[in-house]
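Reader: I am new to this structure and would like to know how its descriptions are reached. Could you take me through a few of them?

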Amino acid sequence: MARNQIRILMLGDIVGASGVRALFLQLGGLRTHLRADLVIANVENAAGGYGLTPAIADKLTGMGVDVMTSGNHIWQQREIWRRLDDDQRLLRPHNYPEGPPGRGTVIVDSAAGKVAVLNLEGRAGMANLRDPIRVGEAEVARLRATTRAIVVDFHAESLDEKEAFALRVDGTVSAVVGSHTHVQTADERVLKGGTAFLGDLGMTGPPDSAIGMQMQTSIDRSLSQMPLKLMVDEATAAICGALVVIDADSGHALSIERIYQPPTS
Ligand SMILES: [Fe+2]
């Protein structure tokens, strides 16, 4: 008898208008081709590289993004703050201290069953948030009372921190995938306990750029050490992410596959 599977497409940080445009052109076809039951995308760079606006959130959900995750940049457009409170499917990292708007976790109905999505943020080289491992573990325990299909977007600079979390929760969540660095890693695997892992999904942004930003400013910034504001590069974007296939009953991952959809000409 065929196992009850849930197929989840997770997309890396959508960078600016070119990232949004790539999804507009390709997400429908990709979703059909991959037979994805659920699409989760990190949206924290969608508004010109810095945060998200309600209008862009509407565009992305209209294209078929079911759950939006985020990270340190989500606060930069203040007009999204209310939406963080009002929209269950828009997450910010769960391990912020008490006070900021929004939530970091949601349980949604996919065509193949309930899926919990948990968004965490690392601390190495980032803000001094609550411990993502302990806070994340406690939230996983709560979510498991409702569903075993749990996927985590761990938004962090440090691969070591992302991997430590994945190894700690191995067997209790379906997948831990990283975001934030904009560079897709090649370390995808299903860990011994049944948790799929990928260090970073990469970005949905222009590959011929400096992590989605205009190259010259990035070079000037590195040479001068001046905090020059990076501007998004508007060249055509690639789509980066991963497809995770989950056994709906156990919640264990059956496979994880990197997705790279090159820019359309
Ligand atoms: Fe980030």
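This is a predicted model: local features need pLDDT of at least 70, side-chain atom pairs count only at pLDDT 80 or more; totals for chains, interfaces and linings use all residues.

Reader: Where does lysine 114 lie, and which residues is it in contact with, leaving aside its neighbours within four places in sequence?

Author: Lysine 114 belongs to strand S6 (residues 113-121); strands (E, at least two residues) and helices (H or I, at least four) are DSSP runs, numbered from the N terminus. Apart from those neighbours, lysine 114 is in contact with Ile107, Asp109, Thr146, Thr147 and Ala149. Contact here requires C-beta atoms, placed from the backbone, to lie within 7 Å.

Reader: Why are H1 and H2 called roughly parallel?

Author: Helix H1 (residues 16-34) and helix H2 (residues 54-63) pack at an angle of about 20 degrees, with their axes 10 Å apart. Axes are lines fitted to C-alpha atoms, for helices over the stretch in contact, and angles run from 0 to 180 degrees between N-to-C directions. Angles under 35 degrees count as roughly parallel, over 145 as roughly antiparallel, 65 to 115 as roughly perpendicular and the rest as oblique. H1 and H2 are therefore roughly parallel to each other.

Reader: Which residues meet there?

Author: From H1 come Val20, Leu23, Phe24 and Leu27, and they meet Ile56, Lys59, Leu60 and Met63 in H2.

Reader: How do you know that helix H6 is hardly covered?

Author: Helix H6 (residues 215-224) has 10 residues, and the count of buried ones is zero. Just after H6, glutamine 225 takes a positive phi of about 60 degrees.

Reader: And what makes the radius of gyration of the protein chain agree with a compact globule?

Author: The radius is taken over C-alpha atoms, and the globule rule is 2.2 Å times the number of residues to the power 0.38. For 265 residues a compact globule would have a radius near 18 Å, and the protein chain has 17 Å, so the two agree. The protein chain has six helices and 13 strands, and 49% of its 265 residues count as buried.

How values were computed
Residues are numbered from 1 along each chain as its sequence is written. Two residues are in contact if their C-beta atoms, placed from the backbone, lie within 7 Å. A residue is buried if 20 or more other C-beta atoms lie within 10 Å of its own, exposed if 12 or fewer, and partly exposed in between; C-beta atoms are placed from the backbone.
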